[in-house]
Amino acid sequence: MKKIFTLCFLFLLSAVSLYADKTVNLFVIERSKNANVVNYDAVLTDAGKINEKSPIVFLKR
């Protein structure tokens, strides 16, 4: 089940990156008791600077 979530997450992340600025992984928070995972990414512009309008995105799986 965890593999399915990981594959879905990677697919969604790649789809988002086609239509948005580049994202760089900041950190991931996981719980050992269940499959809750929160992934925080920094959003970069094409120039490599942090996007001021939406600097951080997070995905909860």
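Reader: Which residue in β2 is the bridge partner of Phe 27?

Author: Keep in mind that this is a predicted model. To read a strand pair, look for the bridges that link two strands. Here Phe 27 has Tyr 40 as its bridge partner in β2. Strand β1, residues 22–30, runs antiparallel to β2, and 8 bridges join them. The two strands form a hairpin, with 6 residues between them.

Reader: How many bridges join β2 to strand β3?

Author: There are 5, and this pair also runs antiparallel. Strand β3 covers residues 56–60. Take Val 38 as a case: its bridge partner in β3 is Lys 60. So much for pairing; now look at cover.

Reader: Which residues form the nonpolar patch on the surface?

Author: Leu 26, Phe 27, Ile 29 and Ile 56. Together they have about 370 Å² of accessible area. Next, ask which element each residue comes from. β1 gives the most, with 3 residues. Ile 56 is found in strand β3.

Reader: What about Ile 50: is it buried or exposed?

Author: Compare its relative accessibility with the cut-off: exposed means over 50%. Ile 50 is at 53%, so it counts as exposed. Its place is in the loop between β2 and β3.

Reader: Which residues does Ile 50 touch, leaving out those up to four places away in sequence?

Author: Val 43, Leu 44 and Pro 55. Sequence and space can also be read side by side. Ile 50 and Lys 22 are 28 residues apart in sequence, and their C-alpha atoms are 9.6 Å apart in space.

Definitions and conventions. Residues are numbered from 1 along each chain as its sequence is written. This is a predicted model: local features need pLDDT of at least 70, side-chain atom pairs count only at pLDDT 80 or more; totals for chains, interfaces and linings use all residues. Side-chain values use heavy atoms; hydrogens and water are left out. Two strands pair if DSSP finds at least two bridges between them. Helices (H or I, at least four residues) and strands (E, at least two) are DSSP runs, numbered from the N terminus. Patches are made of residues with over 30% relative accessible area and no salt bridge: like charges are joined within 9 Å, nonpolar side chains (Val, Leu, Ile, Met, Phe, Trp, Tyr) within 5 Å. Accessible areas come from the Shrake-Rupley method with a 1.4 Å probe; for residues, only the protein chains shown count as cover. A salt bridge is a side-chain nitrogen of Lys or Arg within 4 Å of a carboxyl oxygen of Asp or Glu. Buried means under 20% relative accessible area, exposed over 50%, partly exposed in between (1.4 Å probe, protein chains only). Contact means heavy atoms within 4.5 Å.
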